[in-house]
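Colleague: I'm new to this one. Can you walk me through a few features?
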Amino acid sequence: MCVSAKAALGLWQREGSVAVWLQVPILQSQCIGPASSLGFRFHHAEGDVATLSLWLAEGPSRLPAFATHQVGVAGAVFDEDSGRILVVQDRHQQVKNLWKFPGGLSEPGEDFGDTAVREVWEETGVRAEFRSLLSVRQQHRSPGAFGKSDLYLVCRLQPLTFALRPCPHECLRCQWVELDQLAATAPATPVTRSVARLLLHGHRQGFHTVDLTVQDVPAPRPGPAPKLYHREVPQA
């Protein structure tokens with residue numbers, strides 16, 4: 001195996017290939033040792049397949065790293081008529097339990113707004129619809145992201161229902177609170193309080209001052225259309 005593999009690697013290198021990818025199913029994991037002896041290194045693993053890589057060109061490898069970030073999304077469900085906003089307390093919080101917006105990790109292929117709507121429904125039983133992206137929090141070397149970088153996005157949602165049905169596995173408490181109270185005095189996480197102040201400004205001055213709305217843009221290659229989040233530009 002190693003002799004033929006070395007010959008193939010030499011041929012590919014002479015032909016100008018710069019890298020080789022090797023996918024190894026878990027039931028053939030005995031092949032990883034011989035591949036390692038040829039210079040292959042782990043790149044990533046998903047499900048029952050490990051992917052190894054080998055850089056063939058001169059100089060350090062320029063292959064991109066894998067899974068450097070995780071994306072969490074929260075839904076700030078604000079009712080403009082009553083001035084109230086939906087908040088929860090996490091049942092599994094290890095330190096002081098503060099109010100925060102319901103949310104969780106975005107699934108592969110899931111848009112931010114869809115994640116926010118889904119997480120709000122799963123945690124609180126409230127139906128809501130996406131209105132805009134409000135903020136992005138970036139954190140590096142996060143323990144909750146296996147030491148990788150973590151992105152946390154907060155979306156503005158409009159409630160369609162108001163009855164609360166908190167998830168017993170995730171929520172210790174769940175309730176509607178006054179937005180101005182959350183922004184000023186209610187015990188809340190720093191991100192939650194900052195976004196509450198942002199929402200309060202939008203409620204008073206117009207949400208066009210804080211919203212990042214979404215626009216579908218043409219795809220550069222076959223597949224789903226990319227989504228661009230930006231402040232709305234007045235039409236000329």
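This is a predicted model: local features need pLDDT of at least 70, side-chain atom pairs count only at pLDDT 80 or more; totals for chains, interfaces and linings use all residues.

Colleague: How does S4 pair with S5?

Modeller: In the antiparallel sense, over 2 bridges. S4 covers residues 69–79. Phenylalanine 78 stands opposite isoleucine 85 in S5.

Colleague: And what sits in the hairpin of S4 and S5?

Modeller: There are 4 residues between the strands. Glycine 83 takes a positive phi there, near 75 degrees.

Colleague: How many bridges link S5 and S9?

Modeller: 7 bridges, again antiparallel. S9 runs over residues 171–178. Isoleucine 85 faces valine 177 in S9.

Colleague: New topic. How many aromatic pairs does the structure hold?

Modeller: 3. One of them joins phenylalanine 112 and tyrosine 229. The pair is tilted, with 5.4 Å centre to centre and 40 degrees between the planes.

Colleague: Which parts does that pair tie together?

Modeller: Phenylalanine 112 is in helix H3 and tyrosine 229 in strand S11, so the pair links parts 117 residues apart in sequence.

Colleague: What about phenylalanine 162 and tryptophan 176?

Modeller: Their ring centres are 5.5 Å apart and their planes at 45 degrees, so this pair is tilted. Tryptophan 176 is buried at 12% relative accessible area, while phenylalanine 162 is partly exposed at 38%.

Colleague: Which ring has the charged end of arginine 127 over it?

Modeller: That of tryptophan 121, with the charged end 3.5 Å from the ring centre. Arginine 156 lies over the face of phenylalanine 207, at 3.9 Å from the ring centre.

Definitions and conventions:
Residues are numbered from 1 along each chain as its sequence is written. Side-chain values use heavy atoms; hydrogens and water are left out. Two strands pair if DSSP finds at least two bridges between them. Rings of Phe, Tyr and Trp (its six-membered ring) pair if their centres lie within 6.5 Å; planes under 30 degrees apart count as stacked, over 60 as edge-to-face and the rest as tilted. Buried means under 20% relative accessible area, exposed over 50%, partly exposed in between (1.4 Å probe, protein chains only). A charge sits over a ring if NZ of Lys or CZ of Arg is within 6 Å of the ring centre and within 35 degrees of the ring normal.
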